[in-house]
Amino acid sequence: MAPSLSEDYTHIPESKTNDHTFQVSEENRVFVLQHKGKFAYETRPTPKLPTSRHVLVKIIATGICGSDVHYWQHGRIGPFVVEQPLVLGHESAGIIVQCGSDVKGLKLGDRVAVEPGVPCRSCEFCRGGKYNLCDEMRFAATPPVDGTLATYYTVPEDFCFVLPPNISIEEGALVEPLSIAVHCSRLASVSVGQKVLVMGAGPIGLLCCAVAKALGASVVIATDIVDSRLKFAQRYAATHTYKMQKDLPEVNAGNIMSSCGIPAGAEVVIDATGVAACIAAGVFALKKGGTFVQAGLGAPDIVFSVGEFCSKEASYKSSFRYGPGDYALSIKLLESNRVDLKALITHTFKFESAAEAFASTSRKEGIKTIIYGPDSDAPGVNGSP
């Protein structure tokens, strides 16, 4: 007979792993968005493992995502509205401090990246290998599901990914945005020798450049309107950069194609901006028969030349989060040093300074900001590392 969900499934063999004892506090310190524009700290009970296949992760590092900032500033994203206090954060990594009795592949002390969205596992999409489309998805820091800016967070065993020794806990937190870039590249089937154009050199755009290069693209072009971002993109992963001008989309596209050595266009275009002018330019810069992947979100209604797109017999694909295999491939790319995440971490903050971290991110200071967990040993915090 199946055990009741109310049972405590905690199982700590010998309470030690590698001579370390894991003491779990009864208090769970969390960083909460009370409502639009208002942060607070709360102390809640440490969560119990909901099933025998869950683990309790002590959160060590969490990256700030644009969606976290959007909830803070606007109180909603589309249909997801902050109607009650919400713990923010979903880009996290930590250490396993409790294991359910049926956990087989993880152990106490494992350093893990946390995949923050848990699907129902039984619907058409889950069983068809597209669990990111599950209607019952419970995604961290998406109302009403609390996020990971906390001392402890419970996760199903199969949504934790052990970090190899050469990957830091901070890099582990950024496996989440890296997986978005991996998902985009897999949707486009990026392969050796291809020419890839990435519209936007923010964190996701930069990671799309890095993944495309790691997968063998011979030309990787990054566009933006900010000079500092383009300079970083050139050092980081792009073979070419282009600063978008206040011109017609076809003019910008022509300039990209001529200045970056792709007269026939790019086989793959990934838009990481959500900006109509960038999307339209990307359509004009797309090679005949190519693939356009929409990753960025902006205005709900975007206008671009359908005639231009249809005449190329191109494929248009939208990308939503990540799916099976994306976290695993991301970690392989990190482990083999084919993608660098350390270079993206420009600011780190203590948990007690989380509000300051959000303000810094909203001012677009640096590229990626990390908030360390409560009581975590965090070198080089509160500012640039």
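Trainee: Starting with E313, is that residue buried or exposed?
Mentor: E313 is exposed, at a relative accessible area of 70%. The classes are buried (under 20% relative accessible area), exposed (over 50%) and partly exposed in between, with a 1.4 Å probe and protein chains only.

Trainee: What is the phi of E313, and where is the residue found?
Mentor: The phi of E313 is positive, about 45°, although the residue is not a glycine. E313 is found in the loop between α9 and β21. Helices (H or I, at least four residues) and strands (E, at least two) are DSSP runs, numbered from the N terminus.

Trainee: What kind of model is this?
Mentor: This is a predicted model, in which local features need pLDDT of at least 70 and side-chain atom pairs count only at pLDDT 80 or more, whereas totals for chains, interfaces and linings use all residues. Residues are numbered from 1 along each chain as its sequence is written, and side-chain values use heavy atoms, leaving out hydrogens and water.

Trainee: What is the mean pLDDT of the chain?
Mentor: The mean is 92, and 92% of the residues reach 70 or more. Residues 1–20 have pLDDT below 50, and this stretch has 29 contacts in the model beyond near neighbours in sequence. A contact means heavy atoms within 4.5 Å, and pLDDT is the predictor's confidence in each residue, from 0 to 100. Where pLDDT is low, the predicted coordinates should not be read in detail.

Trainee: Is A141 buried or exposed?
Mentor: A141 is buried, with a relative accessible area of 3%.

Trainee: New topic. How many aromatic pairs are there?
Mentor: A search of the whole structure finds 16. One of them is F304 with Y316, which is stacked at 6.0 Å centre to centre and 15° between the planes. F304 lies in the loop between β20 (286–294) and α9 (306–311) and Y316 in strand β21 (residues 315–318), so this pair links parts of the chain 12 residues apart. Rings of Phe, Tyr and Trp (its six-membered ring) pair if their centres lie within 6.5 Å; planes under 30 degrees apart count as stacked, over 60 as edge-to-face and the rest as tilted.

Trainee: What are the relative accessibility values of F304 and Y316?
Mentor: F304 has 26% and counts as partly exposed. Y316 has 38% and counts as partly exposed.

Trainee: Which residues do ring pairs link into a cluster?
Mentor: F31, F39, Y41, W72, F351 and F358. W72 is also one of the buried residues of helix α1 (residues 66–74), along with D68, V69 and Y71. They lie on the same side of α1, because they cover an arc of only 160° around the axis. That arc is taken over the directions from the helix axis to the C-beta atoms.

Trainee: What covers the buried residues of α1?
Mentor: The cover includes β4 (27–35), β5 (38–45), β6 (54–63), β7 (76–77), β8 (80–81) and α11 (354–362). After α1 comes G75, with a positive phi near 75°.

Trainee: And charges. How many salt bridges does the structure hold?
Mentor: It holds 12. A salt bridge is a side-chain nitrogen of Lys or Arg within 4 Å of a carboxyl oxygen of Asp or Glu. R229 and D224 form one, at 3.7 Å from N to O. R229 is partly exposed at 29% relative accessibility, whereas D224 is buried at 9%.

Trainee: Which residue forms a salt bridge with D227?
Mentor: K243, with the closest N and O atoms 3.3 Å apart. That pair links distant parts of the chain, with D227 in helix α6 (residues 227–236) and K243 in strand β18 (residues 240–243), 16 residues apart.

Trainee: Where do E335 and K332 lie?
Mentor: Both lie in helix α10 (residues 326–335), three residues apart, about one turn of the helix. An α-helix has 3.6 residues a turn, so residues three or four places apart point the same way.
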